[in-house]
Amino acid sequence: MVKKIQKIDRVFLGIIASILIFGLLMFGSAALGVLAKNETKFYSILLNQFVYALLGGLLALGIGLFVHYTHFKKYSFHFYIITLLLTALVFVPGIGFAHGGASRWIHIFNFSLQPSEFLKIGTVLFFANWLATNKKRLGDVAFGLVPFCIIAGVPFILLLLQPDTGTGAIIFLSAFAMYIVAGAKWRDVGIVFIAGILGLIILATMRPYVMDRIKTFIDPSHDSTGSSYQLQQSLIAIGSGGTFGRGYGQSIQKFNFLPEPIGDSIFAVVGEELGIIGGSIILLLFTALAIRGMKLARMVKDSFGSYLIVGVTSIYLIQAFMNIASMLGIFPLTGVPLPFISHGGTALLTALFGVGIILNISKYRSNI
């Protein structure tokens, strides 16, 4: 067992607390768009986000923080399999249910969950364990490339069937980042990269919605009432905010124009109300999170702990990039929420659980 030599990293905790407080304030403002349409739904959403999700998330953070992280290593395979099976329940009639054309949720004991959020953590936990156990043999295809393709590929395929391409991509890319950091051969990195490009081309030809998002990315005006509508309204919101924004709570787009203003479009609300300044604050906070997370990964001498920090931090960073960049039109629309900020009880709970794990591992860092 690794000897504890430090308190939790207060810098990382401060960054997360700043994102969370900023996010809750912006969520409260964005939710006013729901109040204008349905008062009952508005109070239900606030109760879910500020009570159930936040309190449940803080409890999950405590579990991640106080259960020694080596126990997560011991049961990482079990957690991976359980989260895969939990995600597969979305296809079971009576348990899984669809929304917006996708089967991504399950309903158990009067609670609705999005199990793919647990699958993110389950995958990086197990892959961190695999990398730590086999780091000296990663150059061997049988202990490097093949296990990576299986461990990251199974969740991706499962999510592709829902379909939830965005979350599948987040899991795959986070595992890919861990694979590279662990010392993957550039030959294997190149194989994965080329296979990914070919897979995207095949996916675009087989799934019309993927092709529509690519077309929207290339030409945002090609279908202004259909696939391009969200991007156009997002750009209008951000553009109208200018440098300093309309003011907190003063967004117009969140009422009748922006789809999912409390979900994946919340960055557009930030841009409209707080302008370039507010948007830059979010970018700086997530950049700081990434820098501090990767620094902690270098300071931890235990390979499992180091790779796990890389994996969890990558989830936050990749998801934030995909969300923000898609709202700015510099990346295809993915439909993924903004971590710690967008609506989603399961998302906030699992994100804070990941924070707890990183803070737990940070107690065993060196002084470099």
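**Entry 1: Phe 340**

I looked up Phe 340 and found that it counts as buried, because its relative accessibility is 4% and buried means under 20% relative accessible area, exposed over 50%, partly exposed in between (1.4 Å probe, protein chains only). I note that the model is predicted: local features need pLDDT of at least 70, side-chain atom pairs count only at pLDDT 80 or more, and totals for chains, interfaces and linings use all residues. Residues are numbered from 1 along each chain as its sequence is written, and side-chain values use heavy atoms, with hydrogens and water left out.

I placed Phe 340 in the loop between helix 14 (303–328) and helix 15. Helices here are DSSP runs (H or I, at least four residues), as are strands (E, at least two), numbered from the N terminus. Phe 340 is not a glycine, yet its phi is positive, at about 70°. Most residues other than glycine have a negative phi, and most peptide bonds are trans.

Glu 260 sits in the loop between helix 12 (253–256) and helix 13 (266–299). Is Glu 260 buried or partly exposed? I read a relative accessible area of 43%, so Glu 260 is partly exposed.

Next I checked the bond between Gln 162 and Pro 163, which is a cis peptide bond with omega at about -5°. Pro 163 lies in the loop between helix 7 and helix 8.

**Entry 2: aromatic rings**

I listed the ring pairs. Rings of Phe, Tyr and Trp (its six-membered ring) pair if their centres lie within 6.5 Å; planes under 30 degrees apart count as stacked, over 60 as edge-to-face and the rest as tilted. The count comes to 15 aromatic pairs.

I opened the pair Phe 72 and Phe 353: the ring centres are 5.7 Å apart and the planes stand at 90°, so the pair is edge-to-face. Phe 72 belongs to helix 4 (residues 69–74) and Phe 353 to helix 15 (residues 345–362), so I noted a link between distant parts of the chain, 281 residues apart. Both Phe 72 and Phe 353 are buried.

I then opened Phe 148 and Tyr 179, whose ring centres are 5.0 Å apart with planes at 10°, so this pair is stacked. Phe 148 is in helix 7 (residues 145–160) and Tyr 179 in helix 8 (residues 165–181), 31 residues apart. I found Phe 148 buried, and Tyr 179 as well. Ring pairs also join these two with Phe 127, Phe 156, Phe 172 and Phe 176 in a cluster.

**Entry 3: Ser 303**

I found Ser 303 in helix 14. Its relative accessible area is 14%, so Ser 303 is buried. Which residues does Ser 303 contact, leaving aside its neighbours within four places in sequence? I noted Ala 132 and Lys 135, where contact means heavy atoms within 4.5 Å.

**Entry 4: the whole chain**

I counted 15 helices and three strands. Of the 368 residues, 51% count as buried. Among contacts between residues at least 6 apart in sequence, 73% join residues at least 24 apart. The C-alpha atoms fill a box of roughly 55 × 45 × 45 Å along the principal axes.

I also noted 26 positive and 14 negative side chains; Lys and Arg count as positive and Asp and Glu as negative, while His and the chain ends are not counted. The centres of the two sets lie 16 Å apart, with each charge placed at NZ of Lys, CZ of Arg, CG of Asp or CD of Glu.
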